[in-house]
Amino acid sequence: MTTSPALAELTGDYVLDPAHTRIGFIARHAMVTKVRGAFHQFEGTAHLDGADPARSTAQVSIKADSIDTGVEQRDQHLRTNDFLDAPNFPELTFRTTKVEPLSGTEYRVTGDLTIKDTTRPVAIDFEYTGNAVDPYGNLRVGLEGSVSISRKDFGVTWNAALEGGGVLVGDKVVLEFDISAIKQA
């Protein structure tokens, strides 16, 4: 696959801009609705290779106790051993193992996701949404992606049965990434 000269010029090292990046999630609640939330403390770096995207890499570290659904009582429960066990496993991590171009703007980023003490491979499809030089002279690139995971695959199995059947928390969790990364000098 060939890339445009514009993408080749993006080659370099980047850091996530936490003020303009969102790492969120969606989970089914009580079989009838979805709970949305985000992690507010994280850091990440990437090396983008615009000429050969398969040579790109990335790593992200997310503070488990920064989980926020907008309901403090629920957030406190999500930080316990029933879910993320933030006191014992303070970070969720992702490190790439492979990057595959799917089209001119779409990429499959495969890597190792660690939640609690379990590491599993996941493949996240990302769309390159563009680049721009901000008013401060920083070159920024944008990416959006998501992946659906089974929380049980990561040892997050707590649940409660509902009176009419079903469970309180769905197994499927969608992780969402809206990335703004800044090229480093």
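## Ground rules

Residues are counted from 1 along each chain as its sequence is written, and side-chain values rest on heavy atoms, with hydrogens and water left out. Since the model is a prediction, local features need pLDDT of at least 70 and side-chain atom pairs count only at pLDDT 80 or more, while totals for chains, interfaces and linings use all residues.

## How strand β11 pairs up

Let's start with β11, which covers residues 169–183. A strand here is a DSSP run of E with at least two residues, numbered from the N terminus, and two strands pair if DSSP finds at least two bridges between them. Strand β10 (residues 139–150) runs antiparallel to β11, and eleven bridges join them. In that pairing, R140 stands opposite I182 in β11.

Strand β2 also pairs with β11 in the antiparallel sense, over seven bridges. Look for A27, whose bridge partner in β11 is V173. Then there is β1 (residues 12–16), joined to β11 by three bridges and again antiparallel. Y14 has K183 as its bridge partner in β11.

## The nonpolar core

What does the largest nonpolar core look like from the inside? It has 39 residues, and the ones with the most contacts within it are F39, L113, I115, I149, L175 and F177. A core of this kind is a set of buried Ala, Val, Leu, Ile, Met, Phe, Trp, Tyr and Cys residues joined through side-chain atoms within 4.5 Å. "Buried" means under 20% relative accessible area, "exposed" means over 50%, and "partly exposed" is in between (1.4 Å probe, protein chains only).

At least two residues of this core come from each of β1, β2, β7, β8, β9, β10 and β11. The largest share, six residues, is supplied by β11.

## The largest pocket

By class, 27 are nonpolar, four polar and three charged. Strand β2 (residues 22–29) gives the largest share of the lining, five residues.

## Salt bridges

How many salt bridges turn up in the whole structure? A search finds eight, counting a side-chain nitrogen of Lys or Arg within 4 Å of a carboxyl oxygen of Asp or Glu. One of them joins E91 and K63, at 3.0 Å from N to O. E91 sits in β7 (residues 91–101) and K63 in β5 (residues 57–63), 28 residues apart. E91 is partly exposed at 32%, and K63 is partly exposed at 36%.

R108 and D125 form another, with their closest N and O atoms 2.6 Å apart. This pair links β8 (residues 106–115) to β9 (residues 118–133), across 17 residues. E72 and R79 make one too, at 3.3 Å between the closest N and O atoms; E72 is partly exposed at 46%, whereas R79 counts as buried at 16%. Finally, D17, D134 and R140 are linked in a network of salt bridges.

Technical notes: Helix = DSSP H or I, 4+ residues; strand = E, 2+ residues; numbered from the N terminus. Nonpolar A, V, L, I, M, F, W, Y, C, P; charged D, E, K, R; others polar.
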